[in-house]
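Visitor: I am new to this structure and would like to know what stands behind the words used for it. Could you show it to me?

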Amino acid sequence: MHQKKKQRQTYDFKIRSFLGLTALVVALCFTLSLFFAPLFLAIPAVATAPVLVVPDFHLFGSVRHISIS
């Protein structure tokens, strides 16, 4: 029964996405990204590297819990 409900929810989402609201939201986000792109390009790569390394340590921390045997 739970699987059937999940399939129905997925189907309902697909139907709702055809209404055009999804396209409008994506267009709005794309338009906003055009204005913020120069701001993000002004940040040097040296400043963004540590921010990307920290989540990697958290992701690799869960690898030690994987049972290989």
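Guide: Let us start with Phe36 and Phe40, which both lie in helix 2, four residues apart, about one turn of the helix. Helices (H or I, at least four residues) and strands (E, at least two) are DSSP runs, numbered from the N terminus. A word on the source: this is a predicted model, where local features need pLDDT of at least 70 and side-chain atom pairs count only at pLDDT 80 or more, while totals for chains, interfaces and linings use all residues. Residues are numbered from 1 along each chain as its sequence is written, and side-chain values use heavy atoms, with hydrogens and water left out.

Visitor: How many aromatic pairs does the structure hold?

Guide: The structure holds one. Phe36 and Phe40 form this pair, with 6.4 Å centre to centre and 40° between the planes.

Visitor: What makes the pair of Phe36 and Phe40 tilted?

Guide: Rings of Phe, Tyr and Trp (its six-membered ring) pair if their centres lie within 6.5 Å; planes under 30 degrees apart are stacked, over 60 edge-to-face, and the rest tilted. With 40° between the planes, Phe36 and Phe40 are therefore called tilted.

Visitor: Why does Phe40 count as exposed?

Guide: Buried means under 20% relative accessible area, exposed over 50%, and partly exposed in between (1.4 Å probe, protein chains only). Phe40 has 55% relative accessibility, so Phe40 counts as exposed. Phe36, at 43%, is therefore partly exposed.

Visitor: Why is Ile43 called partly exposed?

Guide: Its relative accessible area is 41%, so Ile43 gets that label. Ile43 sits in the loop between helix 2 and helix 3 (45–61).

Visitor: How do you know that helix 2 is hardly covered?

Guide: Among the 21 residues of helix 2, the count of buried residues is zero. For the protein chain, 0% of the 69 residues count as buried.

Visitor: Which elements does the protein chain have?

Guide: The chain has three helices and zero strands, running α-α-α from the N terminus on.
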